[in-house]
Amino acid sequence: MSEAAMKIIDLHKNIGRSHIIKNLNFDIRPGEVFGFIGPNGAGKTTTIRMMVGLLNITKGDVVIQGHSIKDDYTKAISEVGAIVENPEMYPFMTGLQNLKHFARMSEGVTSERIKEVIGLVGLEKAIKTKVNKYSLGMRQRLGIAQALLHSPSVLILDEPTNGLDPTGIREIRRYIRRLAVEDNVSVIVSSHLLSEIELMCDRIGIIQNGELIAIKDLHEKAETNEYIVSLDVYPVEESINILRKMEGMEILSTDKRIQIKTIKDNIPFLVTTLVQNDIEIYGVNVLQSTLEDQFIEMIGENIIE
Amino acid sequence: MSKLFSLILNELGKIFVLKSTWAMYIILAGIIIVSAVITSTSNFIDTDKTYSDDWKTELQEENESLMTEIEEAEDDPFIESSNMSIIEENEYYIENDVRPYGYHAGDFTMDNLFLTSLISLFTIIVGGGIVANEFRWGTIKQLLIRPISRGVILLSKYIALLLFTLITVLFLIVVSVAVGAVFYGLPAVNPEIVVTRPDGMATSALIWETLMMYGFRTLNIIILATFAFMISSIFRSSALAIGLAMFLMFAGTTAAQALARYEWSKYILFANTDLSIYYNFSGPIRDEMTIWFSTGVIVVYMIVFIIAAWTVFTKRDVA
């Protein structure tokens, strides 16, 4: 994948003695929306800060459109637009003054482009208001506008749906998709709210304790054939013994109800087997295994905030 | 180069968009006007006195009346010393054939030199916040993810701080001349005035003398501002930067004087920051010091401050 928009290579970060980011390796493809998810404190923001050169890289590198952020900072960063953590702007200046301020820091941002960007995020009415009067949602939009000023080829948005109402989230989602599809912009969105990200991403990377534990392509539907089946049966002990002997059944829990993970085709066979063994069946619930479940499963439910 | 110019424009914009900056200028203008009113109404300086072509006789008469005042006051050391210095000055005018003029806008501007310490205060506040505030507002992240190296961003902030200092000093001079002109009128010529140098009295052109003294004070302000700027860049705390710089502003010179008997005291920054000591009666704290020595000491300290700020700012993790 030589034409990756961004390559994260053997990325490590130590702060003091703690090893915060451990050996991240992944590529961001041109024109894809990449979801970067993980519980709070997993290292999403730390990784993003290294991507944009705010943090020194302990080991490894981030290469953006062929330019190393370590050795060729100016060229690498001019390909990037970003919101890191909260979209903080100068509170005592208007939205427009803020945008002009940041426009002056990049090459060739015209006043038409500023107007265009304001239109894209729908801030025309509030643009002459001071930012300290903005709601979090409005600041989020202004943050996105600021990140888009210089038409970057890589857009990094840290928790972009934070503070937006459902309509706002839908708009941002649609807008991010359009950027990726029409303008071939690679977008990296981080979030701890999987459900919001799921709908706009092509791929997601899951990070936990500073390690990338999985990358999932959301267009590959084959794997979602897995279901979680919840059984209300009597007697429980005997049922578990029967299930243990069957193939393709993974027992997840036996607390009150038995939960097993299996593929769809196994479900009729499962019921037949239980009936043949004189198990009393009071209920069979099939829960579709969503990305959220997989996510929780992967990192353990208790860590999610 | 044009990028640096835009950055400086950004920084100045952020300084001057704040209401607190405008408050500084309003306070400064207010104090200038008040000091003009006080100067004209109090009898500490006789602002109505003018001299005719027969000024030598007038000065002699003035000296005689000052002498009688001393005699009448009977051993009042304050009146004696203040009157004696005026008498000496008047005699110098007569001996050197320098014609004195009455009080006018030029003298008023010179008298307002003391207001540069207020500008020191303002500049310390601005300089102490110019980097630290970006951290406080969280905007430092937005500022540093642009295609501009951190060194250039820091440079633009430093230049903006220097420009703010110059603009404010110019404001003080211009408003002083304007207010002085309204209250006392402008002098018709650039008069020679009598000044006290370390080695005795001398004459100097008023405009030149004024600019020189304001120049020395500006340099003093810039040193304090650079110090505040460094602390602000290193510790990201405007309170610490402002507090330390203000402490040094008030205590630095006194401390240097207290330590004057040690030879190494001449290397203390605050023994050297005020170059005007080489042009007024006070002189340097140690006799072997010269204006070039002080300039050298200032340059070394400034380089150290700037390198310290630059090293920390360009290398640090921004979290």
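## Briefing on a predicted two-chain model

Chain A holds an open sheet of four strands in the order β2-β1-β4-β5, with antiparallel pairing, where two strands count as paired if DSSP finds at least two bridges between them, and where strands (E, at least two residues) and helices (H or I, at least four) are DSSP runs numbered from the N terminus. This is a predicted model, in which local features need pLDDT of at least 70 and side-chain atom pairs count only at pLDDT 80 or more, while totals for chains, interfaces and linings use all residues. Residues are numbered from 1 along each chain as its sequence is written, and chains are lettered from A and ligands numbered from 1 in the order in which they are written.

**Strands of chain A**
- β12(A) and β13(A) form a hairpin with four residues between them, and K256(A) in the turn has a positive phi of about 65°.

**Domains of chain A**
- Chain A is divided into domain 1 (6–217) and domain 2 (222–303), with bounds that come from an automatic or database domain assignment.
- The centres of these two domains of chain A, taken over C-alpha atoms, are 40 Å apart.

**Nonpolar cores**
- The largest nonpolar core has 118 residues, and those with the most contacts inside it are V52(A), I156(A), V187(A), V189(A) and A228(B).
- Helix α10 (residues 206–235) of chain B gives the most to this core, with 11 residues.
- A second, separate core of six residues includes A256(B), I268(B), F270(B) and A271(B).
- Such a core is a set of buried Ala, Val, Leu, Ile, Met, Phe, Trp, Tyr and Cys residues joined through C-beta atoms within 7 Å, and a residue is buried if 20 or more other C-beta atoms, placed from the backbone, lie within 10 Å of its own.

**Contact between the chains**
- The contact takes 26 residues from chain A and 22 residues from chain B, with two residues in contact if their C-beta atoms, placed from the backbone, lie within 7 Å.
- On the side of chain A that touches chain B, α2(A) gives the most, with three residues.

How values were computed: Buried ≥ 20, exposed ≤ 12 C-beta atoms within 10 Å, placed from the backbone.
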